[in-house]
Amino acid sequence: MTAGSKGAVQSWGSAFASARGSGGPPKPWRRRLAGPEGFSLKTFVFSVILLMGAIIGLQIARERQTNSIEPDERLLYVRSGPLLEKVSLSYDAVMADVYWIRTLQHYGGTRLSKKTDKRYDLLYPLLDITTSLDPKFAIAYRFGAIFLAEGYPDGPGRPDQAIELLKKGMRAQPQKWQYLHDAGFIYYWWLEDFRSAAEWFDRASRVPGSPWWLKPLTATTMAQGGDRASSRLLWQQMLEAADNDWLRQNATLRLAQLIALDHLDQLSALVARYKSSTGHLPSSWEILVGARLLSQAPIDPAGVPYHLDPATGAVELAEKSPLHPLPAHLRRH
Amino acid sequence: MRVVREIALHVFKESVRDRVPYTLVFFAVLLMATSYLLGQLTAGQEVKIIKDLGLAATSLIGLFIAIFIGIGLVSKEVERRSIYNLLSKPVSRRQVVLGKYLGLVLTLLVNISVMVAALYGVLAYFWFVSDPSVKAGWETPALDPALMVASGLIFVELALITALALVFSTFSSPLLSAALTFGLFIVGHFNADLKRFDQIVASRPVAYLARALYYLLPNLTLFDVKAEVVHGYHVPATAVVSAVGYAAAYIAVLVATSVFIFERRDFK
């Protein structure tokens with residue numbers, strides 16, 4: 001041992017001694033915490049804080065340097081639901097919850113990410129595993145179908161997988177009319193196949209305990225599927241039947257979109273009227289307010305002003321509006 | 001009977017002194033508090049997830065108590081040589097086995113009761129703070145009395161596992177006993193597959209053997225009604241009564257086997 005290292009040892013020794021020596025005989029709890037060599041509590045706590053600081057600092061430094069080796073979020077080691085159900089023993093329901101949380105994180109994280117190539121590759125496998133682990137997990141089928149059907153980039157745009165998931169739910173719980181109704185909704189809203197939608201609504205209406213309004217919904221969908229009135233009826237019933245805040249918010253948003261579509265028609269008519277009377281297009285909403293065609297600049301149901309293109313006279317929903325984008329199939333041109 | 005009660009109380013006090021149940025109960029309470037945090041991430045499924053997590057934690061922690069204390073019930077006395085002291089008193093070996101078993105069952109009962117009370121506490125909090133519109137979306141009420149059925153059957157299952165650990169404890173080392181008991185716990189959840197073995201093997205003798213094992217090995221799936229209760233499905237009284245009857249008969253066989261082995265064991 002060199003003289004320098006001896007000195008260092010001596011100074012550590014005296015540091016421990018001074019920490020030990022002060023304040024008379026140690027209290028019993030302190031004595032219990034002290035090691036055989038009398039390693040004082042103060043030194044111990046100080047050392048732990050110092051070392052933990054070093055550990056966290058190193059971790060942060062490493063993360064800054066090596067972003068590229070972050071684990072791939074799109075990794076799913078086991079894809080077989082039945083296998084996971086077996087190995088979970090009697091803890092399959094809690095495992096289903098874990099996979100459900102993972103599903104929400106995958107969907108929400110991808111949807112909100114700023115990436116241009118959003119990939120929802122794991123959404124269906126995660127939902128399949130969740131519902132295999134807990135076949136009665138109704139929300140996983142219902143939300144899962146909504147997530148899967150949602151058009152890209154807000155979702156994977158896979159109504160086929162959504163229907164598949166709902167059919168799995170129907171096999172597990174044939175008494176749940178909601179799955180049949182949701183399948184009809186996907187045919188209506190995303191696939192625009194109103195005949196199939198009406199068939200699913202009809203099947204839902206035949207399930208014992210299903211609500212009365214499924215029958216008129218079936219008739220309306222069959223007669224005038226695709227127009228705004230029947231869409232409004234569909235979403236209004238969805239809102240009233242929703243047993244969950246998320247479903248309620250979704251239905252409220254869609255109803256607001258339908259109101260915005262009506263607004264756009266009315267505003268386009270006003271612009272056309274102004275043009276026919278003056279011979280030119282209005283350059284802003286203020287011109288229409290000045291002409292007493294409007295009382296104020298129009299705003300959508302979310303409170304965002306509508307956009308008026310002075311060059312073409314086209315009235316559009318602002319891109320920053322929470323209602324954007326509006327369902328294309330219900331636009332009138 | 002008084003002797004059995006004294007031994008049982010001694011086992012209970014010893015397990016409390018061991019501090020292991022305290023740590024595990026603390027863990028259960030902590031887990032339930034964590035479930036509250038998890039509930040924030042689950043799109044309106046807080047109550048379901050808290051129930052799932054609470055019941056799973058109760059079952060898992062009870063399993064650890066049953067196995068890790070159960071395997072030492074007899075073997076620890078032999079290792080410490082305190083068995084000589086115990087048997088020198090006017091106590092029969094049968095009373096020792098029975099008392100030790102009932103003592104651990106009492107420990108489990110107290111622990112499970114604390115965990116279930118904590119679970120109801122977390123659920124009561126949710127019930128109290130949630131809007132009526134949120135409550136309307138719950139599959140079952142937060143303070144659903146049916147949770148008692150699920151936790152009651154968890155207790156019955158753990159009493160059976162304790163009896164298994166006791167049998168192994170009478171003739172085997174703690175490590176081997178733990179491995180065997182845990183192995184049977186896993187088999188107990190898989191043995192429905194043994195019944196259907198004839199569908200995957202061509203050999204009839206193997207299929208018969210599998211069928212025989214299905215009936216002989218403990219069928220622990222009978223006690224698992226957690227998912228049904230959480231989703232609000234009715235658990236028929238006959239299913240509960242038959243599961244309890246099955247467990248009682250199985251436990252009687254296992255305790256009798258423990259007594260049989262222990263009475264013939266030579267400690268010299």
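Q: Where is E192(A) found?
A: In this predicted model, E192(A) belongs to the loop between α9 and α10 (194–205) of chain A, where a helix is a DSSP run of H or I with at least four residues, numbered from the N terminus. Local features need pLDDT of at least 70, side-chain atom pairs count only at pLDDT 80 or more, and totals for chains, interfaces and linings use all residues of this predicted model. Residues are numbered from 1 along each chain as its sequence is written, chains are lettered from A and ligands numbered from 1 in the order in which they are written, and side-chain values use heavy atoms, with hydrogens and water left out.

Q: Is the phi of E192(A) positive or negative?
A: Positive, at about 55°, although E192(A) is not a glycine. Most residues other than glycine have a negative phi.

Q: Why are α8(A) and α9(A) called roughly antiparallel?
A: The axes of α8 (residues 159–172) and α9 (residues 177–189) of chain A cross at roughly 165° and come within 9 Å. That makes α8(A) roughly antiparallel to α9(A), since the label takes angles over 145 degrees, on a scale from 0 to 180 between N-to-C directions. The crossing of α8(A) and α9(A) is left-handed: the near helix is turned anticlockwise from the far one by less than a right angle.

Q: What about α12(A) and α13(A): what makes them roughly antiparallel?
A: The axes of α12(A) and α13(A) come within 8 Å and cross at roughly 155°. So α12(A) is roughly antiparallel to α13(A), again with a left-handed crossing.

Q: How many residues line the largest pocket?
A: There are 31 lining residues, with R111(A), E150(A), D154(A), L253(A) and R254(A) nearest the centre; lining means an atom within 4 Å of a point on a 1 Å grid, and a pocket is an open set of points where a 1.4 Å probe fits, with protein on both sides within 12 Å along at least five of seven lines. α5 (92–112), α7 (138–149) and α13 (245–278) of chain A each give two or more residues to this lining, and α13(A) contributes the largest share, six residues. The largest pocket's volume is about 790 Å³.

Technical notes:
Grid points are joined across faces, edges and corners, and a volume is the space filled by probe spheres set on the points. Angles under 35 degrees count as roughly parallel, over 145 as roughly antiparallel, 65 to 115 as roughly perpendicular and the rest as oblique.
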